[in-house]
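This briefing sets out selected features of one protein model for use in computational work. The sequence and the structure are shown first, followed by the points arranged by topic.

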Amino acid sequence: MTAMTDPPAPTAMHRSSPLAQLPIEFIGSFPDPLVRLETPLPEIAFLGRSNVGKSSLLNALVGRRKLARVSASPGKTTLLNVFRLPTLYLIDLPGYGYARASHSDRAGFASLIKGVLTRRTTLTGVVWLLDIRHLPSKEDREYGGLLAERGIPLLVALTKSDKLNRGARGERLRELAKALEVPEAQFELTSSSTGLGIAELGESVLAATATEAR
Ligand code: GTP
Ligand code: MG
């Protein structure tokens, strides 16, 4: 006989992303920052230093474990990887600042990323990822400058938030918002491991693209 007890407390405490309910298709990997995608739709690019967790975040957002390749060794994403949802494209960019890449590889990644950020007219918005444990690097600031110059809609995802306790997370968010001169409302505390902030970020991405498609 089973004793009547309270049900166990939920362990999966985070809602899933609205993007996880939608069909998704891998369109391809492209070396050209201005590659034309067949059906014109809003495009959201994922920007951040190597190993910050771009591919992991993208997978968490769309609720597929192995869509974008996650690497133990950084530098695995070297081209624009484009994914299509019914109403938007997600673009996984190579990471910047990978110290062990060759000089020419780094230059190649940088020109690809900069090409997308400064010259890709079809780009709708950017999700910029920053590791919550670190202050912005020199390169983070450079890319931040390009984003500000273009004035493109921006969401900042603080990744790996599971590595800090609750109080420290909020403190770091305020500190980074101030340092980067980006409003706190554009920040999201995220963790691909626990699911923190993933639903919220997915909703913001959808909202950004819905305005565009109006
Ligand atoms: P590149 O493609 O090399 O630029 O890396 P990336 O930015 O795509 O990072 P990726 O998603 O491959 O993750 C890099 C490492 O960080 C992997 O070992 C992940 O498991 C780990 N990681 C990613 N997100 C999180 C997170 O939210 N929490 C924790 N604890 N680890 C994470
Ligand atoms: Mg990657």
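In this predicted model, helix 2 (residues 103-119) packs against helix 3 (residues 138-150) at an angle of about 25°, and their axes are 9 Å apart. Angles under 35 degrees count as roughly parallel, and helix 2 and helix 3 are therefore roughly parallel to each other. The points below begin with this pair, turn to the overall fold, and end with two individual residues.

**Packing of helix 2 and helix 3**

- The crossing formed by helix 2 and helix 3 is right-handed.
- On the side of helix 2, the residues that take part in the contact are R106, A110, I113, K114, V116, L117, T118 and R119.
- On the side of helix 3, they meet E139, E142, Y143, L146, L147 and R150.

**Overall architecture**

- The protein contains five helices and seven strands.
- Along the sequence, these elements follow the pattern β-β-α-β-β-α-β-α-β-α-β-α.
- Of the 214 residues in the protein, 46% are buried.
- Among contacts with a separation of 6 or more, 76% are between residues 24 or more positions apart.
- The accessible surface of the protein amounts to about 11700 Å², and carbon and sulfur atoms account for 53% of that surface.

**S161, a buried loop residue**

- S161 is located in the loop that connects strand 6 (154-159) with helix 4 (166-180).
- Buried means under 20% relative accessible area; S161 has a relative accessibility of 0% and therefore counts as buried.
- The side chain of S161 reaches the backbone oxygen of L158 at a distance of 3.2 Å.
- When neighbours within four places in sequence are left aside, S161 is in contact with I132, R169, L189, T190, S191 and L196.

**Q21, an exposed residue before strand 1**

- Q21 belongs to the segment that precedes strand 1 (25-30).
- The threshold for an exposed residue is over 50%; with a relative accessibility of 57%, Q21 therefore counts as exposed.
- The side chains of Q21 and S16 are joined by a polar contact of 3.4 Å.
- Q21 and G63 are separated by 42 residues in sequence, while their C-alpha atoms are 7.9 Å apart in space.

Definitions and conventions: Residues are numbered from 1 along each chain as its sequence is written. Chains are lettered from A and ligands numbered from 1 in the order in which they are written. This is a predicted model: local features need pLDDT of at least 70, side-chain atom pairs count only at pLDDT 80 or more; totals for chains, interfaces and linings use all residues. Side-chain values use heavy atoms; hydrogens and water are left out. Helices (H or I, at least four residues) and strands (E, at least two) are DSSP runs, numbered from the N terminus. Buried means under 20% relative accessible area, exposed over 50%, partly exposed in between (1.4 Å probe, protein chains only). A polar contact is a pair of N or O atoms within 3.5 Å; within protein, one must be able to donate a hydrogen and the other to accept it, and residues adjacent in sequence count only if both atoms are side-chain atoms. Contact means heavy atoms within 4.5 Å. Accessible areas come from the Shrake-Rupley method with a 1.4 Å probe; for residues, only the protein chains shown count as cover. Axes are lines fitted to C-alpha atoms, for helices over the stretch in contact, and angles run from 0 to 180 degrees between N-to-C directions. Angles under 35 degrees count as roughly parallel, over 145 as roughly antiparallel, 65 to 115 as roughly perpendicular and the rest as oblique. A crossing is left-handed if the near helix is turned anticlockwise from the far one by less than a right angle, and right-handed if clockwise.
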